[in-house]
Amino acid sequence: MAAADELTFHEFQEATDLLAETPDAVTTSKNDQPTPQGHVAVAMGLGGSYGAEEEVEEESDKAALLQGEKQQPGFWTFGYYQSFFDVDTSQVLDRIKGSLLPWPGHNFVRHHLRSRPDLYGPFWICATLAFVLAITGNLTLLLAQRKDPSIHYSPQFHKVTVAGITIYCYAWLVPLALWGFLQWRKGVRERMGPYTFLETVCIYGYSLFIFIPTVVLWLIPVPWLQWLFGVLALALSAAGLVFALWPVVREDSRLAAAALLSTVVLLHTLLALGCKLYFFQPLPPEHMAPPPQATSLHPHTLLPPTLPRSITAS
């Protein structure tokens, strides 16, 4: 019986006074349902303690927590752009793999970006491609000089600048124009949901990765093999762009969708073709040493007579 008395609930004087001050309050145990809004709940714990909470105070605490959260920094600060470089190696490799293996119905944005576009991958892919283009373009001339000593080779450092400006302008200005066009078409076709600008930059940036190994393979001095590698790289890269943009433009009219995708493929083709012809072009005439030419004499020119052999011997 003593053990039974210890397990029974005892009414403490403090709880009695609290109930007297708040007649509308109800007493509950820990297993009871929550009390209605505006009522004070007095719960007896195992140690004999009690607590009084109000839902109004709970809501105010939540509001205070929400106000205390860190605000998004402005776009003019470094903290705003820091989040776009917050990716790890596995995420970048997964996105590169997704750009190398395009597949119909496999959306690059939905399966790989997952609403977290980054600038780390596109920035370094463009930088690497620009340097590889300039280096391999110079190596082509150097290897040609090894085969033909008559070729005069001098380092062409300006190709680094040309490659950097070309690649970065393409990777930023073309997505900007495409994003602006899709925003305009969104007003015409309400069902269209275009990508954000950063997502469009990611699509173009990662699509250029396939050209890095292709440019290295262009060092093989076999013209038809170089063109074969270029066509394969262009087909994979352009297919990745078309498959990524198709879920957005398919809600538009057939004419607008076909014109937009054709323009995307055409600009991509012009980039690849321009890089091939400019950085791996045949040697200009000024780099070729002129062949020795025999001087022609006038037919009436008199040559000095040759001395007899006997006089020459004496």
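N107 sits in the loop between α5 (89-100) and α6 (108-113), where helices are DSSP runs of H or I with at least four residues, numbered from the N terminus. The model is predicted, so local features need pLDDT of at least 70 and side-chain atom pairs count only at pLDDT 80 or more, while totals for chains, interfaces and linings use all residues. Residues are numbered from 1 along each chain as its sequence is written, and side-chain values use heavy atoms, with hydrogens and water left out.

**Surroundings of N107**
- With a relative accessible area of 10%, N107 is buried (under 20% relative accessible area, with a 1.4 Å probe and protein chains only).
- Once neighbours within four places in sequence are set aside, N107 is in contact with H112, Y195, A244 and P247, contact meaning heavy atoms within 4.5 Å.

**Cavities**
- Two cavities of 30 Å³ or more are counted; a cavity is a set of points, on a 1 Å grid over the protein atoms alone, where a 1.4 Å probe fits but cannot get out, and its lining residues have an atom within 4 Å of a point. Grid points are joined across faces, edges and corners, and a volume is the space filled by probe spheres set on the points.
- The largest cavity has a volume of about 130 Å³, and of its 14 lining residues G98, S99, F108, G240 and L241 are the closest to the centre.
- At least two lining residues of the largest cavity come from each of α5, α9 (197-207) and α11 (223-249), with α11 giving the largest share, six residues.
- By class, eight residues of this lining are nonpolar, six are polar and none is charged (Ala, Val, Leu, Ile, Met, Phe, Trp, Tyr, Cys and Pro count as nonpolar, Asp, Glu, Lys and Arg as charged, and the others, Gly among them, as polar).
- The second largest cavity, of about 70 Å³, is lined by L129, L133, I167, F211, V215, W218, L271, A272 and C275, and the nine lining residues are nonpolar, with no polar and no charged ones.

**Salt bridges**
- Two salt bridges are counted, each a side-chain nitrogen of Lys or Arg within 4 Å of a carboxyl oxygen of Asp or Glu.
- D118 pairs with R95, the closest N and O atoms being 2.3 Å apart; because D118 lies in the loop between α6 and α7 and R95 in helix α5, the pair ties together parts 23 residues apart in sequence.
- R185 and D252 form a salt bridge at 2.6 Å, N to O, and both residues are buried.

Conventions:
Buried means under 20% relative accessible area, exposed over 50%, partly exposed in between (1.4 Å probe, protein chains only). On a 1 Å grid over the protein atoms alone, a cavity is a set of points where a 1.4 Å probe fits but cannot get out, and a pocket is an open set with protein on both sides within 12 Å along at least five of seven lines; lining residues have an atom within 4 Å of a point.
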